[in-house]
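Student: Could you take me closely through the charged pairs in this model, with the criteria behind each term stated as you go?

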Amino acid sequence: MGTDIGDLLQKRKVEFSDLANQVVAIDAFNTLHQFLSIIRQRDGNPLVDSAGRVTSHLSGLLYRTASLVEVGIKPLFVFDGKPPALKSETLNKRKEVRESSREKWENAKAVGDLESAYRYAQASSKVNQEIIEDSKYLLSAMGIPFVQAPCEGEAQAAHMVLKKDANCVASQDYDSFLFGAPVVVRNLAVTGKRKLPGKNIYVDVEAEIIELDETLQALEITREQLIDIAICVGTDYNKGLEKVGPKTALKLIKKHGDIYAVLREKRAEIEAVDRIREIFLNPDVTDNYEIKWGKPDSEKLLEFLCEKHDFSVDRVEKAAERLKAASGARQKTLDQWF
Amino acid sequence: MFKAAINAELLRDAIAALAVIVDEVRFKIKPEGISVKAVDPANVAMGIFELGSSAFEEYSADESEIGVDLNKIMDLLGIADKSDTVRMELEESNHKLLIDVGGLSYTLSLLDPSTIRAEPRVPQLELPAKVVLNGADLRRAVKAAEKISDHLLMGVSEDTFYMEAKGDTDQVRLEMGRDQLIDLKAGEACSLFSLDYLTDIVKPTNKVNEVTLSLGKDFPIFIDFEIANGAGRISYLLAPRIESD
């Protein structure tokens, strides 16, 4: 997913508390996908209610968001709209991967190979319409705002940071930078002990912050050139050049200036390269949104999560308490009076 | 050059008032006295501290700046007797402060001031209301509030100053009219403050006759009072909590 340019970026560790009072525009799809693949039982099965409906995403949204809000972070979720036409190939491919993973998962479970079952189960998770609707309903009940993007959620989130309606984007993907996000936080929703995919090893995942300007300065390139590097490596909208990874791409773009010169030099072709650049440089975004944090509706939460989806009343009540405590008056800092 | 002698209790109270805000400070030493401006790490509270040369039994100094770990000073003053005299002398060449108290000679290693957060600017605020009250009254209201909540609302309504704390189920309110206050300048004021900070800030006011509060609506509060029998002064500036919109 997204573009594999992570190795080129300047990352810094960040503590949750450093993000206090900051408005964080969270890439909803990306985060829900993380919840669906991480929050699982040992055999790889996602959390489900008594009717067999998946609830991993609801669990993640409730407890994770409560932890963010608790330290004073002001989260808002940005949902994807209609994907650009150019993305269809990527989306089809993801679908294929999911379907074949589902088969392999079933097979692995049948033969009792739990480790593989877990891995394939993770790869088979999908954010479907019901999951999105449920997530939006839950966010409303929690008093957490969300924004519907016309197109790519990451583009909308980046736009909101550029408009100063948010301080940073939270996403695992690096595409946010290509859309111009000045600051991106990674691992926000997944900090803590995490199992490495495909291995029986657990690591501490820490949140990290990446600033676009810092990266561009360090690499001595422009944002446009970063986009061109991404196109060389491959994005959601195109396959990359043969045998070109991020480091080679950086060298190529720095040497030749832009993607067009690189293509000429390599006698290679990338379909619709103008349109791909355009998606990143002038993404389809909207100014029509409202961001407002409210108080959680405990009754709604209990009804939706406990009655409908069999969550523990005790735990939901505690999470509602945490959200409520944080939704009241917030401690200001002196900076704003200077 | 800095050489001074001061009563141990007086110095301890002054340092304690400052230690509420930060652990490490830059002391600005001048011929007319010592001053500190410091902000807590979370940027929520500021302390502005002045101790004039007349607070000292002996005092002579040129201009200099030293970095001090307040906890270390508090520790050694903790051992001193209230009536002891503390004698201090700066050894500029090796960044040490020599402190003699109660027959003990300490050599205190100073911190490099450049490693301590720089002095903040003090914001110019127009605060419409001013309340002067007895320090013990303020302390009492804060103590009562602590029992049921983690924040305290302070405001002025017509000729009444009020402090109010609301918990999940209970609330407590203290109202003081003009006759119970030392002075009151009425104005629209109502702000909420964290008791985490207030509790520490008002601790030293117990011994203080006059505490001046300057308040606004959803604005920081200034809490000023004299220390060292009028030879020094401390002002706290505390940012409010504001209901999220």
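Tutor: B:Arg26 is buried, since its relative accessible area is 17%, where buried means under 20% relative accessible area, exposed over 50% and partly exposed in between, with a 1.4 Å probe and protein chains only. This is a predicted model, in which local features need pLDDT of at least 70 and side-chain atom pairs count only at pLDDT 80 or more, while totals for chains, interfaces and linings use all residues. Residues are numbered from 1 along each chain as its sequence is written, chains are lettered from A and ligands numbered from 1 in the order in which they are written, and side-chain values use heavy atoms, with hydrogens and water left out.

The side chain of B:Arg26 meets that of B:Glu65 in a salt bridge, at 3.7 Å from N to O; the term stands for a side-chain nitrogen of Lys or Arg within 4 Å of a carboxyl oxygen of Asp or Glu. This pair links distant parts of the chain, with B:Arg26 in strand β2 (residues 24–30) of chain B and B:Glu65 in strand β6 (residues 64–69) of chain B, 39 residues apart; strands here are DSSP runs of E with at least two residues, and helices are runs of H or I with at least four, both numbered from the N terminus. B:Glu65, at a relative accessible area of 32%, is partly exposed. Elsewhere, B:Glu9, B:Asp13, B:Lys82 and B:Lys207 are joined into one network by salt bridges that share partners.

In chain A, A:Arg277 and A:Glu224 form a salt bridge whose closest N and O atoms are 3.6 Å apart. That pair, too, links distant parts of the chain, from A:Arg277 in helix α12 of chain A to A:Glu224 in helix α9 (residues 223–233) of chain A, 53 residues apart. A:Arg277 is buried, with a relative accessible area of 11%, whereas A:Glu224 counts as partly exposed at 39% relative accessibility.

A further salt bridge is formed by A:Lys163 with A:Asp165, the closest N and O atoms being 3.8 Å apart. A:Lys163 is partly exposed, with a relative accessible area of 35%, and A:Asp165 counts as partly exposed as well, at 30% relative accessibility. As a general point, side chains of opposite charge can pair when their charged atoms come close. Over all chains, the structure holds 25 salt bridges.
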